[in-house]
Amino acid sequence: MLRGAFLGVSILFLSQAAMANETLNLDGLSPKTNPKASLPVCENVPYDKANCVRALACIGTDGVYFDGQAHGWDTGIVIGFLDDGTACNGEWVAGGPQTPGRASLICENGMEANVLYHTLNNETGTVIGSGLDNQGREITAWSGEKVLQFLTGPDDNTPVLPCGPAPIPIS
């Protein structure tokens, strides 16, 4: 009898140890991964098609934002994610001295956006733009090597996106 109880306790202990090595994923409760970590390394290389700068945008006034990258020179692609992790990609083309540049973005959730932008500093890729998405929400967009400095206030060291009722800290 004692040997049977010992065998039962041993099996219970071993099965608990085996289950401890398994990862339990429950819908809505699994740890969230940072989609931005999947983006390639981004480096400002002026006048080169290998150029890449950070691209950020506010979509509407409810805290929705885009965080990604603009690749290329004079023309290129935009890749990144919405704040909820939805993947987006698009294209951009530079304007001339008196004409704005244009960018378009399509996201996996069906959102489409079009932005006209003005270049503030060509060498750093610094631009500011505005537009609309296919739901009629206003978009404000920024990009450039020093975009985080541009979005940092004089009284705080934390860059923020003004995308809603409260500023959204970004890094």
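D74 sits in the loop between β2 and β3; helices (DSSP runs of H or I, at least four residues) and strands (DSSP runs of E, at least two residues) are numbered from the N terminus. The model is predicted, so local features need pLDDT of at least 70 and side-chain atom pairs count only at pLDDT 80 or more, while totals for chains, interfaces and linings use all residues. Residues are numbered from 1 along each chain as its sequence is written, and side-chain values use heavy atoms, with hydrogens and water left out.

**Overall make-up**

- The chain contains two helices and 10 strands, and along the sequence these follow the pattern α-β-β-β-β-β-β-β-β-α-β-β.
- Of its 171 residues, 33% count as buried; buried means under 20% relative accessible area, exposed over 50%, and partly exposed in between, with a 1.4 Å probe and protein chains only.
- Among contacts (heavy atoms within 4.5 Å) with a separation of 6 or more, 32% come from residues 24 or more positions apart.

**The barrel**

- Eight strands form a closed barrel in the order β1-β2-β3-β4-β5-β6-β7-β8, with antiparallel pairing; two strands pair if DSSP finds at least two bridges between them.
- On average, and with direction ignored, neighbouring strands of this sheet are turned by 25° against each other; the axes are lines fitted to C-alpha atoms, and angles run from 0 to 180 degrees between N-to-C directions.
- In general, strands of a sheet pair through backbone hydrogen bonds, either parallel or antiparallel.
- β1 and β8 pair in the antiparallel sense over six bridges, and I59 stands opposite I139 in β8.
- β6 and β7 are antiparallel partners over eight bridges, with L116 opposite S130 in β7.
- β7 and β8 run antiparallel and are joined by six bridges; the bridge partner of V127 in β8 is S143.

**Turns and positive phi**

- The hairpin of β6 and β7 has four residues between the strands, and G125 in its turn has a positive phi of about 70°.
- Four residues also lie between β7 and β8 in their hairpin, where G136 takes a positive phi near 85°.
- D74 is not a glycine, yet it has a positive phi of about 70°; D74 counts as partly exposed because its relative accessibility is 47%.
- Y47, in the loop between α1 (2-20) and β1, has a positive phi of about 65° although it is not a glycine. Y47 counts as exposed because its relative accessibility is 52%.

**Nonpolar cores**

- A nonpolar core is a set of buried Ala, Val, Leu, Ile, Met, Phe, Trp, Tyr and Cys residues joined through side-chain atoms within 4.5 Å.
- The largest nonpolar core has 19 residues, and F66, L82, L105 and M111 have the most contacts inside it.
- At least two residues of this core come from each of β1 (52-59), β2 (64-73), β3 (75-82), β4 (87-93), β5 (101-107), β6 (112-121) and β8 (138-144). β1 gives the most, with four residues.
- Leaving aside neighbours within four places in sequence, F66 is in contact with residues including A55, I59, V78, L82, C88 and L105.
- A second, separate core of 10 residues includes C58, Y65, L161 and I170.

**The largest pocket**

- The largest pocket has a volume of about 660 Å³.
- On a 1 Å grid over the protein atoms alone, a pocket is an open set of points where a 1.4 Å probe fits, with protein on both sides within 12 Å along at least five of seven lines; lining residues have an atom within 4 Å of a point. Points are joined across faces, edges and corners, and the volume is the space filled by probe spheres set on them.
- Of the 39 lining residues, A70, W92, Y117, V127 and S143 are the closest to the pocket centre.
- β1, β2, β5, β6, β7 (126-133) and β8 are the elements that give two or more residues to this lining. The largest share, seven residues, comes from β6.

**Two buried loop residues**

- N51 is in the loop between α1 and β1, and N51 counts as buried because its relative accessibility is 4%.
- N51 and H71 are 20 residues apart in sequence and 5.6 Å apart in space, C-alpha to C-alpha.
- Beyond neighbours within four places in sequence, the contacts of N51 include E43, P46, A70, H71 and W73.
- T124 is in the loop between β6 and β7, and T124 counts as buried because its relative accessibility is 14%.
- With neighbours within four places in sequence left aside, T124 is in contact with N44, V53, G144 and E145.
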